[in-house]
Amino acid sequence: MHRWFKHRTYYGHDFSPGELLARKVGPISVVLPALNEAATVGEIVAAVRRDLVAAVPLVDEIVVIDPGSVDATASEAAAAGAAVFAEERILTGYGRVAGKGEALWKSLYATSGDIVVFVDADLEDFDASLVTGLLGPLLTEDAVSYVKASYDRPLAKGLLPGGGGRVTELVARPLLNLHWPQLAGLVQPLAGEFAGRRALLEQLPFVSGYGIEFAQVVDVFSLAGVDALAQVEVGRKVHRHQSDEALGRMAAEIIHAAWARLGIHGGTLGGTLTQFGRGDGGLQPRTHQVGVQERPPMITIPEYAARHARPGCGPTEST
């Protein structure tokens, strides 16, 4: 059963695609940012197309944004029925910022849905009920504009019920509880599965890298208030686990995004992280770029505003 969070209270819901279809008003887009995810992206796209396009016409488009995969991600996604866009060919006049946030930002330009559902492309054992769960609060509650997934995480021996990952528990959750306690009820604030109304998403800045999910829940809260947020239980989520070093870089980018929103250091945050690994000559330092860049709200981009029938803006740009 899906349970969604609002005002820190859970309410039981279990909507079928047919029931949600009856409540649907405008088009719905499903977006998968996918970098070298050939092993899983096709199965996810195929499941959404089979269950939520062919069986019940709830979803209007499935879009994969490819930031430059060197494997068969693009061909697997296209063969399964997705519209595939190379990230670097969207809004080319604005250059490119590295990181997942760029794919999410540019997906707003490439899609047409009034509601956009974002799904990570590395999920195993994917079920389309993840999408219907995220859509439930948006299609039944006018006050809800942004929904995060909540799930159990498989461990080597069983599940960690309701628990976040290491970065969530050690970094993101303490930051939220300290500085944005109204968001303390979010079980998975860093979940890559979320959905929102375009009217809200287009007003948000999009940060680069791993800071995107954290920054976005804070920005939604700041812009629309806690009543606009919901979360929905979607069972369990199985995906790849990253090394401690990779998680350290993720944590640094989240802290960077949080401190930028708190005004700490006056916007002069450091942009590198030094880590250590043992080599033939002993411990060796490795320095990584972890600075977070931000894209402006998409509604401020003239090409986007014109494409989505916003008056008073300049001509469109070819993708």
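Which strand does glutamate 61 lie in? Hi everyone, let's start there: glutamate 61 belongs to strand β4, residues 61–66. Helices (H or I, at least four residues) and strands (E, at least two) are DSSP runs here, numbered from the N terminus.

Some housekeeping before we go on. This is a predicted model, in which local features need pLDDT of at least 70 and side-chain atom pairs count only at pLDDT 80 or more, while totals for chains, interfaces and linings use all residues. Residues are numbered from 1 along each chain as its sequence is written, and side-chain values use heavy atoms, with hydrogens and water left out.

Back to glutamate 61. Its side chain makes a polar contact with the side chain of serine 29, at 2.5 Å. A polar contact is a pair of N or O atoms within 3.5 Å; within protein, one must be able to donate a hydrogen and the other to accept it, and residues adjacent in sequence count only if both atoms are side-chain atoms. Beyond four places in sequence, glutamate 61 is in contact (heavy atoms within 4.5 Å) with Ile28, Ser29, Val30, Thr111, Ser112 and Gly113.

Next, lysine 24, which sits in the loop between α1 (17–23) and β3 (28–33). A polar atom of the lysine 24 side chain lies 3.4 Å from the backbone oxygen of proline 57. Setting aside neighbours within four places, lysine 24 touches Pro57, Leu58, Asp60 and Leu139.

Now to arginine 197, in strand β9, residues 194–197. A polar atom of the arginine 197 side chain is 2.8 Å from the backbone oxygen of valine 144. Arginine 197 and isoleucine 115 are 82 residues apart in sequence, yet their C-alpha atoms are 4.5 Å apart in space.

On to a helix pair. The axes of α2 (residues 41–54) and α3 (residues 73–80) come within 8 Å and cross at roughly 20°. Axes are lines fitted to C-alpha atoms, for helices over the stretch in contact, with angles from 0 to 180 degrees between N-to-C directions. Angles under 35 degrees count as roughly parallel, so α2 and α3 are roughly parallel to each other. The contact is made by Val41, Gly42, Val45, Ala46 and Arg49 of α2 with Thr73, Glu76, Ala77 and Ala80 of α3.

Finally, confidence. The chain's mean pLDDT, the predictor's confidence in each residue from 0 to 100, is 85, and 83% of the residues reach 70 or more. Residues 7–12 fall below 50, and this stretch has 17 contacts beyond near neighbours in sequence. Residues 312–319 also stay under 50, with 18 contacts beyond four places in sequence. Where pLDDT is low, the predicted coordinates should not be read in detail.

How values were computed. Parallel < 35°, antiparallel > 145°, perpendicular 65-115°, else oblique.
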